[in-house]
Amino acid sequence: MGSTSKIPGLLYASSKISRTDILDEKTFEWYDEEHIPELIETSGFDSAFRFIDPNPDSEWPYLAVYPTKDFSFFKSDEFRGMKSLQSNKLPGTGAAAEVMDSVSRFDQLVQVYDPTKKGPGHTKCIISAQMKSVSSPAAEEDIDAWYHAEHIRMLATAEGYLRTTRYKLTFSVQLPPSAEDAAKPPVWLALHEFETETVDLDRLRELTNSEWTDKIHEKTEGIFIIYKLAKGFGTQDLFHGVEM
């Protein structure tokens, strides 16, 4: 990371349409046409990605991720003052919170594993893995060690694997607001990128099977979703060339 004191971070925003009677996926294009473009025009972002969960029963079918070189941007007046959650393209008063629900997690980057070094533009789908310990605080350190020492290297042998970026939760926001515990996502987040349209989950389980993996799953709970890339914005740089 060199001598810089800036800590890279990620805004990871899951969303769903709550008012399907007045908002459909076409109207939801406001996200691509206004919301994301406004974000990447700020001083904090130059890249963004939007993903879709192809599972028709998905609770949160839409995902947008925004990498930033400086996590402190999320606490800046510029970020807090953005008006992108209001649009005359949305029905009713134009407030996004009236027609869609969202859960946004704000994370600090903790690891980049990029054995292929192919650079931006190759990712077609990702596995989003959110995990937290259900046993003890010490287990959080074990999750981190497992990723670093074993799990990702096993995963990298899968067909189409590109790279993994990992993050640790700092804070989260849910709209509309709900109870604090319900809104707080798991501590750890990993985005495993693939250059294939689909991922063979059974094969992945075989490749990553180990005694350590079994122990991790015994004391954790998680949210694991395969998303397809819908569109990339800006430089489409998800910490390429960063070593952590």
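Colleague: Let's start with L11. Leaving aside neighbours within four places in sequence, which residues is L11 in contact with?

Modeller: Keep in mind that this is a predicted model. Contact here means heavy atoms within 4.5 Å. With that cut-off, L11 touches F45, F74, F79 and F106, along with A64, V65, Y66, S104 and R105.

Colleague: How do I get from one residue's contacts to a nonpolar core?

Modeller: You join buried nonpolar residues through side-chain atoms within 4.5 Å. Here the largest such core has 24 residues, and L11, Y31, F45, Y66, F74 and F79 have the most contacts inside it.

Colleague: Which helices and strands each supply at least two residues of that core?

Modeller: Those are α1 (30–40) plus the strands β1 (9–17), β3 (62–68) and β4 (100–113). The biggest giver is α1, with four residues. There's also a second, separate core of 19 residues, with Y113, C125, I127 and V199 among them.

Colleague: What lines the largest cavity?

Modeller: Its lining includes F49, F51, P120, I126, L229 and L238, as well as H122, T123 and E193. By class, that lining has six nonpolar, five polar and one charged residues.

Colleague: How does the lining of the second largest cavity divide by class?

Modeller: Into one nonpolar, five polar and three charged residues. Among the residues lining the second largest cavity are K118, L162, R163, E193 and H240.

Key:
Residues are numbered from 1 along each chain as its sequence is written. This is a predicted model: local features need pLDDT of at least 70, side-chain atom pairs count only at pLDDT 80 or more; totals for chains, interfaces and linings use all residues. Side-chain values use heavy atoms; hydrogens and water are left out. Buried means under 20% relative accessible area, exposed over 50%, partly exposed in between (1.4 Å probe, protein chains only). On a 1 Å grid over the protein atoms alone, a cavity is a set of points where a 1.4 Å probe fits but cannot get out, and a pocket is an open set with protein on both sides within 12 Å along at least five of seven lines; lining residues have an atom within 4 Å of a point. Ala, Val, Leu, Ile, Met, Phe, Trp, Tyr, Cys and Pro count as nonpolar, Asp, Glu, Lys and Arg as charged, and the others, Gly among them, as polar.
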